[in-house]
Structures are given as structure tokens and as C-alpha cells.
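Hi,

Here is the structure I promised to pass on. Have a look at it first, and my notes on what turned up follow below.

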Amino acid sequence: MGKLVKKIVKTIKVDLDKCNGCRACEIACAAFHAKPKYSSFNPARARIRVVIDERNDEWVAIRATDYTKAGCDGRRTYTINGKEYSECSFCGTICPTRDLFYDPDSGLPLKCDLCEDEKEPLCVQICSRNALTYEEKEVEVEAEAEEQVKPAEMETSLKSLVDKYGLNKLQNTLTRISKRS
Ligand code: SF4
Ligand code: SF4
């Protein structure tokens, strides 16, 4: 095993019993990430979405996590406190089998960044039902694995741009940017 380093893992826990589907978290997230900040609040641009199934009294807030070009090949159903939930209700993956977590204008994936440097994420702050809880915990990971995280994330972002605009356009844009800087 390689050298271990300490890392802070940040996450948001969702309490299914407290969420009432008000969607305030979507609005807060969209507004925080608008450019300029708070200039618009289109929930289609939120990195958190509330999966709603009114017939079954289901309201599940999920955050956008990883991007994938392919949909998953299996679907499971979970029963929690007597209610049945589809696996997709809990999945934050940005995948092609549903239209969640894609910017409506550019079509690029929208990933939760935990509101960057905010002390507490905006979706957590706005939730009046306390259905969302922000948590930080310290874990130990291998130093080598930790170094892999950022390049992998960068690769995901670049891949989505290549899928959207094609490699040539992306290369030309990067060349233009590098000449300016
Ligand atoms: S703000 Fe809270 S209660 Fe409202 S939808 Fe989001 S998680 Fe649910
Ligand atoms: S933590 Fe921030 S970026 Fe992530 S879903 Fe909540 S408001 Fe959006």
C-alpha cells in the first residue's frame, strides 16, 4: 500500500421523510451558479433536482455527480419504509437516459461543486425542512489515488466538450486561448 494522506470528504445527506418537494433547493442552486451570480433562477440549470412521483408520495432530492456517455444496463427497485423507489430516483449520474443535469442552452453536463467556497452549500441553507444536511469527514486515502482525482475530473469535462463541439473546434479554441494568455 502507498503512502496515506488525509482528505476531507464533503457530502450532503438527504432525509427522505422531511423533503416535501418544494424545489427551493433547485432555485437556490440555479441562482448561485447563474452568471452573474443570482441574476437568474432557472431550475433547469440546477445541480440538484427533485425527483417527484406524486402518486407514490415520493420526493427525492439528488445532486449531479459523475458524467457518463452510456446509460446503466440494470434497473432496480428499492423499498424503503414500505414505499417503492426506482434506482434512478437516487442516482446522481449525468447520463443520456434522462434529461437531468444538462445545461438547457449548451447541453453540457452540470456537476455539483458543493458551492465551492461557501461555508454551507446554498441548497442546504435554503431547505426549510432540514431535509438536507451538509457533512465533512476526514478519511485516509492513498496519495497516488488522490493525485488521480483531478486529472480524471478534467478528462471528464474535456470529454463532454469534445462530444458536444468536436475535437477540432475544441483544439482551435484552446490554441486561441493559449495565444491570449
Ligand atoms: S428545499 Fe428541501 S424540502 Fe424543498 S425540495 Fe429541496 S430538499 Fe426537499
Ligand atoms: S451543493 Fe451547491 S452546487 Fe451542489 S446541489 Fe447544492 S446548491 Fe447546487
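The second largest cavity has a volume of about 60 Å³. A cavity here is a set of points on a 1 Å grid over the protein atoms alone where a 1.4 Å probe fits but cannot get out, and its lining residues have an atom within 4 Å of a point. Grid points are joined across faces, edges and corners, and the volume is the space filled by probe spheres set on the points. The lining is made up of I12, C29, H33, R47, I48, R63, C112, D113, L114, C115, P121 and C123. By class that gives 8 nonpolar, 1 polar and 3 charged residues, where Ala, Val, Leu, Ile, Met, Phe, Trp, Tyr, Cys and Pro count as nonpolar, Asp, Glu, Lys and Arg as charged, and the others, Gly among them, as polar.

Before you go further, please keep in mind that this is a predicted model: local features need pLDDT of at least 70, side-chain atom pairs count only at pLDDT 80 or more, and totals for chains, interfaces and linings use all residues. As for bookkeeping, residues are numbered from 1 along each chain as its sequence is written, chains are lettered from A and ligands numbered from 1 in the order in which they are written, and side-chain values use heavy atoms, with hydrogens and water left out.

So what sits in that second largest cavity? Ligand 2 does, with "sits in" meaning that more than half of a molecule's atoms lie within 2 Å of the grid points. The shell around ligand 2 consists of I12, C29, H33, R47, I48, R63, C112, D113, L114, C115, P121 and C123, counting a residue as near if one of its heavy atoms lies within 4 Å.

L114 is not a glycine, yet its phi is positive at about 55 degrees. You will find L114 in the loop between β5 and α2.

Now for the other site. The count comes to 2 cavities of 30 Å³ or more, and the largest cavity holds about 90 Å³ of space. It is lined by 14 residues, of which C19, C22, R23, C25 and C127 are the closest to its centre. By class, the lining has 10 nonpolar, 2 polar and 2 charged residues. Ligand 1 takes up the space of this largest cavity. Around ligand 1 are C19, N20, G21, C22, R23, A24, C25, V50, A61, C127, R129 and L132, a shell of 8 nonpolar, 2 polar and 2 charged residues.

On to the fold. The protein chain has 4 helices and 6 strands, in the order β-α-β-β-β-β-α-β-α-α along the sequence. These are DSSP runs, numbered from the N terminus: helices are H or I with at least four residues, strands are E with at least two. The C-alpha trace spans about 55 × 45 × 35 Å along its principal axes.

Strands β2 (residues 48-53) and β3 (residues 58-63) pair antiparallel over 6 bridges; to count as a pair, DSSP must find at least two bridges between the strands. D53 stands opposite E58 in β3. There are 4 residues between these strands, and D57 takes a positive phi near 55 degrees.

Y78 faces Y85 in β5.

The structure holds 3 aromatic pairs, that is, rings of Phe, Tyr and Trp (its six-membered ring) with centres within 6.5 Å; planes under 30 degrees apart count as stacked, over 60 as edge-to-face and the rest as tilted. Y78 and F90 form one that is edge-to-face, at 5.9 Å centre to centre and 65 degrees between the planes. This pair links strand β4 with the loop between β5 and α2, across 12 residues.

Last item: the peptide bond from K35 to P36 is cis, with omega near -5 degrees. P36 belongs to the loop between α1 (24-32) and β2.

Cheers

Notes
On a 1 Å grid over the protein atoms alone, a cavity is a set of points where a 1.4 Å probe fits but cannot get out, and a pocket is an open set with protein on both sides within 12 Å along at least five of seven lines; lining residues have an atom within 4 Å of a point.
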